[in-house]
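Colleague: Could you walk me through how to read a few features of this structure?
Modeller: Gladly; let's look at it together.

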Amino acid sequence: MVCDLMKDIWISESPENNGIRLCFSNGFEPELKSEICAFVRWIRRKYRFPVRLKMYVKFEPYVVSYLSEEKVSATIFLPDDKTDSPFAQISVGNYVGRAENDRFNAVCDILYDIASMITHYFQWLNDETNCGELSSRQAHQKARRVVCKYIDSGGGGYLQKNKKKNSKS
């Protein structure tokens, strides 16, 4: 079955809502951690998560993919049994090494990775696969739309403050 890339597979109604659990490694700047938490809270208000999704956010330049063992910015493990909890790992990439005026883009990249992993979660939950493969194209398109909606809705304090700075540059 081939997925309709524009179909909204994120679930907005479900009798169960086990949510997303965020776990942060040490070393996070308070503003960055606050923005990530605000983004996930915004998503939780709009969507339902029938099976708890654990997200480990690491203050590292990369994480190692579960399947290919490559260095990537984000990865997700989706168990065969849908009663088991899936989990994702997100890295902050080169956020720390970026200049202050480029951190807006770095934060957007991190939020994009989170939204992309959530899309893979919903593909898994809805059995939306193509020959057993999750659609990265669908995940990228949905992630971009979700992050843009979040920013347009007011986003968190850090993004709004820095969006104004970026638009002046």
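**Salt bridges and a helix pair**

Modeller: Let's start with one side chain: Lys 82 has a relative accessible area of 28%, which makes it partly exposed. Buried means under 20% relative accessible area, exposed over 50%, and partly exposed in between, with a 1.4 Å probe and protein chains only. This is a predicted model, where local features need pLDDT of at least 70, side-chain atom pairs count only at pLDDT 80 or more, and totals for chains, interfaces and linings use all residues. Residues are numbered from 1 along each chain as its sequence is written, and side-chain values use heavy atoms, leaving out hydrogens and water.

Colleague: Which side chain does Lys 82 meet in a salt bridge?
Modeller: A salt bridge is a side-chain nitrogen of Lys or Arg within 4 Å of a carboxyl oxygen of Asp or Glu. Here Lys 82 pairs with Asp 127, at 2.6 Å from N to O. Lys 82 lies in the loop between strands E5 (74-77) and E6 (87-91), while Asp 127 is 45 residues away in the loop between H2 and helix H3 (136-152). Helices (H or I, at least four residues) and strands (E, at least two) are DSSP runs, numbered from the N terminus.

Colleague: How many salt bridges are there by this rule?
Modeller: The count is 2. Glu 29 and Arg 103 also form one, with their closest N and O atoms 3.2 Å apart. This pair links distant parts of the chain, 74 residues apart: Glu 29 in the loop between strand E1 (20-24) and helix H1 (30-46), and Arg 103 in helix H2 (residues 103-125).

Colleague: Is Arg 103 buried or exposed?
Modeller: Arg 103 is buried, at 10% relative accessible area, whereas Glu 29 is partly exposed at 26%.

Colleague: At what angle do H1 and H3 pack?
Modeller: Axes are lines fitted to C-alpha atoms, for helices over the stretch in contact, and angles run from 0 to 180 degrees between N-to-C directions. For H1 and H3 the angle is about 105°, with the axes 11 Å apart. The two helices are therefore roughly perpendicular, a label for angles of 65 to 115 degrees; under 35 is roughly parallel, over 145 roughly antiparallel and the rest oblique.

Colleague: Which residues make the contact?
Modeller: Contact means heavy atoms within 4.5 Å. H1 contributes Glu 35, Ala 38, Phe 39, Trp 42 and Ile 43, and H3 contributes Val 146, Val 147, Lys 149 and Tyr 150.
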